[in-house]
Amino acid sequence: MKKILLMAAAVGAAVAPARALTASFASQEAETAVFACGFDSDEEMEGWTVAGWQLEAVPRLDQGDVKPFSTINPESVYSAACLDQLKPQNEAMVSPEVEVPEGARLRFYAAFSEYFGLWGHMEVSVLDGTESTLLLNSFLWSQEDGNEGSRWVPFSYDLSAFAGRKVRFEFRYINTDNGGDNVYVDDVAVSVTDASPESSITIFEEGSVHFTDLSEGATAWEWTFAGGTPSASTEQNPVVTYAEPGVYDVTLTVSDESGATATATRKAYVNVKGQTPTARVGLPAGCYMSPWTMCYVPVGTPVTFSDRSTGKPTEWIWQLPGTDKPVCYDQNPTVTYTQEGVFGLSLRAGNASGSTVDEYRDAVRAGGAEYVWNISPEESAAIEPIDMSWYGNYAGTNFLGLGAFAERFEAPAAAGSIDCVQAYFGKVYHVAASADAPIVVSVCEEAAEGGPGAVLATTSLPAKELVDGYQAYDPTTFTFDEPALVKKGKPFYVVIGPFPANEDESYNVDDIALYCSPRRDADKGGYSTAWHFAYDENPDNPYEYLTTGKWMAQTDELVSLALTPHLEFDKAQVGIDDAVADTAIEVRREGDMLFAAGDVLVYNLAGMLVARGTDSVHVGSLASGVYVVRTPAGAAKVVL
């Protein structure tokens, strides 16, 4: 009987119908809300506890043009706002109690000022009974994760730690220093993944969608993503990026081992929203940052600012006072500062979704002389010595055979001279035997193989005269007998060292270190401008070093040294010889018009700019005589 039963079971298995092949998919980004608030009516605010917040239709931020939230959600009417009152504030709105399901996330949008976040910021917390868990500090997020301007920013937080509990969500604005900016919140939701056929996705441009295959019986997959990258995939669960705003279909065709196929298409499944660009000014090549101003530039020499905005801007408005183009609409404008002084600058970058402004006051020193370095304004507050424990210090006293250190400066836009160098030390301690040890500072050309080469000027101070700049940031000044002359288009180095490394009878050791700007995150645009001279090790004794060695770029750590040469660009001459470039260009005259390629600048023999245009310039009003026509490609003399 047992044998018969087994045979019957085998026959039943043989004739059982095959599982039907079906095609279906969802995505991690498609969600359904278990709680939502769009702040669009007083009724929608029922259950919220509100103090100091209100409903606003149009965002108003001092830094940037933020569009109404209806550009993201067409059904939006108002947003929740806490308006900065230029006085101390601590005001919150708290949601009704929400029961958090498994797999839930808190999502919301916020708009706030990056520039004024130091003085007024928003905090978002989960209130669980008497416990409060901070999710967002808008100021710290701006510093660490990079709020690159005032715009609507989507936030998403995993609530798995609160699953099955009833919690509230608090949005609090804190102004402690009388000078913040307004903050805005919209579309707060607690949501879970939605795999229903009616679900869809809304993301920003450059956002990614994580697709999930839900098909039955499939062994192969063929996806098609209109507007996506990649546009097709054979992976079971692909990740796709959408670069351009629009509404896009998704199609999945699956097959099984028998060759049968099934197809699922979701129309308008992915809704990609445009994003307000983030304006960012890129400084001109051949010009330098400074401890005292954002940028130091020559007078009379063309320099090019670069647009480093993100978010696909389509229009640019530059404000560049002090230049021959005070207002410019080029993406990367080439301008000439025509007078000495300190000037501001700003860039407004925009597209159909809005615009933001990157603005600096008293940021550019044109002409004169200035201390320069390779440390950005954002980094200057974080400079510190690099302590290598018992090995000593990088850019200071050490026991690793590092004899000297150098800071590389990019090729200057114009020739100039350096009469002194200031060095910022974060630690200065020396034992008695090292008091008179010379600390040498030099300015050097770049060697053919890279690194410091021929010395242009040199000087020294004894270790006992170094200034300890700890906390006060007072510099030590090294003055040259004769200035170092640096050449246009040629990088140069400032070299310092060697530093003493002695020990006294009480086991005290020298401890001298420059301030540095360590950049430990190369993924966020880190770079290194430091070099060091490494002595060769004694092959017979690994604890001794020879007198030979070589210069090496610092690549283990991304570092700039707090060395500031006092640079004065040569003043540009205004005579005819300087107005004419080495490369001759073709200039064509037709009636009262001159034609040449690019921006056309016309100078008289005194070097004064008398007319300008793009690809052509009107010269009918100019007196007869000899003029110089200059374009980016070169120059030519013309007779009018």
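**Close-up views of selected side chains and backbone sites**

**Figure 1. The salt bridge of K464 with D436.** K464 counts as partly exposed, at a relative accessibility of 48%. The view, like those that follow, is taken from a predicted model. The partner of K464 in the salt bridge is D436, and their closest N and O atoms are 2.9 Å apart. K464 belongs to the loop between β38 (452–462) and β39 (476–486), while D436 belongs to the loop between β36 (425–429) and β37 (438–446), so the pair ties together parts that are 28 residues apart in sequence. D436 has a relative accessible area of 54% and is exposed, because the cut-off for that class is over 50%.

**Figure 2. The salt bridge between D128 and R165.** Side chains of opposite charge can pair when their charged atoms come close. In this view the side chains of D128 and R165 meet at 2.2 Å, N to O. The pair links distant parts of the chain: D128 is in strand β9 (residues 120–128), and R165 is in the loop between β11 (152–158) and β12 (166–175), 37 residues apart. D128 has a relative accessible area of 17% and is therefore buried, the limit for that class being under 20%. R165, by contrast, is partly exposed, with a relative accessibility of 37%.

**Figure 3. The salt bridge between R588 and E590.** The side chains of these two residues meet at a distance of 2.9 Å, N to O. R588 is partly exposed, at 41% relative accessible area. E590 also counts as partly exposed, with a relative accessibility of 45%.

**Figure 4. A salt-bridge network of E206, E244 and K312.** Salt bridges link these three residues in a network. In the structure as a whole there are 17 salt bridges.

**Figure 5. The cis peptide bond between T229 and P230.** Omega of the bond that joins T229 and P230 is about 5°. P230 is placed in the loop between β17 (228–229) and β18 (232–233).

Figure 6. S233 is buried, with a relative accessibility of 11%. The side chain of S233 reaches the backbone nitrogen of E235 at 3.1 Å. When neighbours within four places in sequence are left aside, the residues in contact with S233 are W221, E222, W223, F225 and P238.

**Figure 7. The cis peptide bond from G497 to P498.** Omega of this bond is near 10°. P498 is found in the loop between β40 (492–496) and β41 (511–514).

**Figure 8. Positive phi at L86.** L86 is a residue other than glycine, and its phi is near 55°. The residue lies in the loop between β5 (79–82) and β6 (89–94). L86 is exposed, its relative accessible area being 59%.

**Figure 9. Positive phi at A268.** Phi of A268, also a residue other than glycine, is near 50°. A268 is located in strand β21 (residues 261–273). At a relative accessible area of 39%, A268 is partly exposed.

Note on methods: Residues are numbered from 1 along each chain as its sequence is written. This is a predicted model: local features need pLDDT of at least 70, side-chain atom pairs count only at pLDDT 80 or more; totals for chains, interfaces and linings use all residues. Side-chain values use heavy atoms; hydrogens and water are left out. A salt bridge is a side-chain nitrogen of Lys or Arg within 4 Å of a carboxyl oxygen of Asp or Glu. Helices (H or I, at least four residues) and strands (E, at least two) are DSSP runs, numbered from the N terminus. Buried means under 20% relative accessible area, exposed over 50%, partly exposed in between (1.4 Å probe, protein chains only). A polar contact is a pair of N or O atoms within 3.5 Å; within protein, one must be able to donate a hydrogen and the other to accept it, and residues adjacent in sequence count only if both atoms are side-chain atoms. Contact means heavy atoms within 4.5 Å.
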